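Please keep the sequence and the structure in view while reading.

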Amino acid sequence: MTMRMLPLLFFFLALAVAHAQQEGGGLANSSPLDWNSPDKSPRSLALELAAGNAGEGYQIHDGFWSGTLSKGVPMLIEVHLFAGNDYRFSSANLDPYSQLKVSIFDAWGYPAGQEYSGNASCATAGISVIRSGSYFIRLIMTEGDKVDTCMVYSYK
Amino acid sequence: MLSKILRTAALILMAIPSLAPAAEERLTPEQMRDASFLDTVSIPTPGEFFLAVDKQCQPNWSKVLRPVVPATTSDREIIALQLGILVADGFMAIEAQDGQSVKNSARDILLLAKKLNVSHQILARSQSISDFADVSDWRRLREELDAMQNDIRLCLLEQKDNPLVVLAMAGSWVRQLDMASNLLAAGENPSSTDLLAQPEIAARILSRVENLPENSKKTPLIRQLAEGIRSASTLMSTSPLFLPPTAVQSLASTMSTIAAAAAQADSKK
């Protein structure tokens, strides 16, 4: 009986080792600039969106916001932008039926910059900064259910 | 003629979406007060800052660049501070388009990271930096150095070294202001002092430094750092839009003193 169980025991052991190797791979400490990551995630999509600006000379900042957005509940992030620089804020999620919107507001709360259309689950807003100081980036989902979303930014 | 009119009409139509934000509502003071402030998104990178300084002042970066060789110390708090300063120096070397200085900064960052047990995670980044420096790819260099800084931050957080993350961030910010305020104090472009007015960031970094565990604040240098950031914060909140010449001089003196002290620091507590 014990001998018959041995192959089964080896099989589970091999399975456990393979799983552990996968866990200990690059993903555990992956960086936002890990272009080789095989999985699609809100972050990888947001990076793809931002990478589209590279041709215009934008460089991607290795920092991001990620979290769950619910329909109609905005996420507001304070940033400090410098006069003379151009910025683009790119946001994405994996729900193709969602409608994502990114907007920029100045230190007094007035809308600033431009919004660029992406597809429904991707959106970008950009600004050429004239006055250095605090700005606010608002992410809002106008259509769709709760969904994990990520935002990255690039500058030139 | 008709094609000209059609082209103009098309241009106007294309411009309409850009006017769309004007129709949006204004944020309330409560919404702005409750906005999230994230270290990795809300605090600008040295790359962004120096790029803006470059556009406004067109300084001779090669003359401004004066890389610091940090004194050897076993004090982890001081090492973290020195590491932040070196990261800022690396970004400045990129602006100076001095590939060798960028490589030197990356090498010194790696040495300090080793002392904090986080070097093996940034080895590949260090190699990439060397490769991009060899081909003068300044855009990719900014991205890689930024990524290296973030990797160090993530590794320190992983090993529960949160105070060191705060000190590296403070070191980088102090060095940026040190270089830029000295540049502006020398009269490079007085109208650009708005770049130095960062009251929200000063207040956030000050709060993080003041809330460090008591053990991390025992070193005289860290107390000097807190004092310097407090003074910078006061200057910036008095003139939140741009800094008058006296404030720029004062900021330059304060930040230079801290950066120099960090480079020469010993580990006596």
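Among the elements of chain B, helix 1 (residues 2–19) of chain B has the lowest mean pLDDT, 42, whereas helix 2 of chain B has the highest, 95; here pLDDT is the predictor's confidence in each residue, from 0 to 100, and helices (H or I, at least four residues) and strands (E, at least two) are DSSP runs, numbered from the N terminus. This is a predicted model, in which local features need pLDDT of at least 70 and side-chain atom pairs count only at pLDDT 80 or more, while totals for chains, interfaces and linings use all residues. Residues are numbered from 1 along each chain as its sequence is written, and chains are lettered from A and ligands numbered from 1 in the order in which they are written.

Over residues 5–22 of chain B the pLDDT is below 50, and this stretch has seven contacts in the model beyond near neighbours in sequence, where two residues are in contact if their C-beta atoms, placed from the backbone, lie within 7 Å. Where pLDDT is low, the predicted coordinates should not be read in detail. For chain B as a whole the mean pLDDT is 86, with 88% of its residues reaching 70 or more, and the model scores ipTM 0.85 and pTM 0.82.

Turning to where the chains meet, 40 residues of chain B are in contact with 32 residues of chain A. Helix 9 (138–158) of chain B gives the most to the side of chain B that touches chain A, with eight residues. By class, that side of chain B has 18 nonpolar, eleven polar and eleven charged residues, where Ala, Val, Leu, Ile, Met, Phe, Trp, Tyr, Cys and Pro count as nonpolar, Asp, Glu, Lys and Arg as charged, and the others, Gly among them, as polar.

Helix 9 of chain B also packs within its own chain: its axis and that of helix 6 (residues 76–95) of chain B come within 10 Å and cross at roughly 175 degrees. Axes are lines fitted to C-alpha atoms, for helices over the stretch in contact, with angles running from 0 to 180 degrees between N-to-C directions. The two helices are therefore roughly antiparallel to each other, a term used for angles over 145 degrees. In this contact Val87(B), Gly90(B), Phe91(B) and Ile94(B) of helix 6 meet residues of helix 9 including Trp138(B), Leu141(B) and Arg142(B).

Chain A has two helices and nine strands, and 42% of its 156 residues count as buried, meaning that 20 or more other C-beta atoms, placed from the backbone, lie within 10 Å of the residue's own. An open sheet of four strands in chain A has the order 2-8-4-5, with antiparallel pairing; two strands pair if DSSP finds at least two bridges between them. Strand 2 and strand 5 (111–112) of chain A stand at the edges, each with a single partner strand, so one side of each is left without a neighbour in the sheet. Strand 8 (residues 133–143) of chain A is mostly covered, with eight of its eleven residues buried. Its pairings are set out below.

| Strand of chain A | Joined to strand 8 of chain A by |
|---|---|
| Strand 2 (residues 75–81) | Seven bridges, antiparallel |
| Strand 4 (residues 99–105) | Seven bridges, antiparallel |

Residue by residue, Val79(A) stands opposite Tyr135(A), Val102(A) opposite Leu139(A), and Gln99(A) opposite Glu143(A).

Definitions and conventions: Angles under 35 degrees count as roughly parallel, over 145 as roughly antiparallel, 65 to 115 as roughly perpendicular and the rest as oblique. A residue is buried if 20 or more other C-beta atoms lie within 10 Å of its own, exposed if 12 or fewer, and partly exposed in between; C-beta atoms are placed from the backbone.
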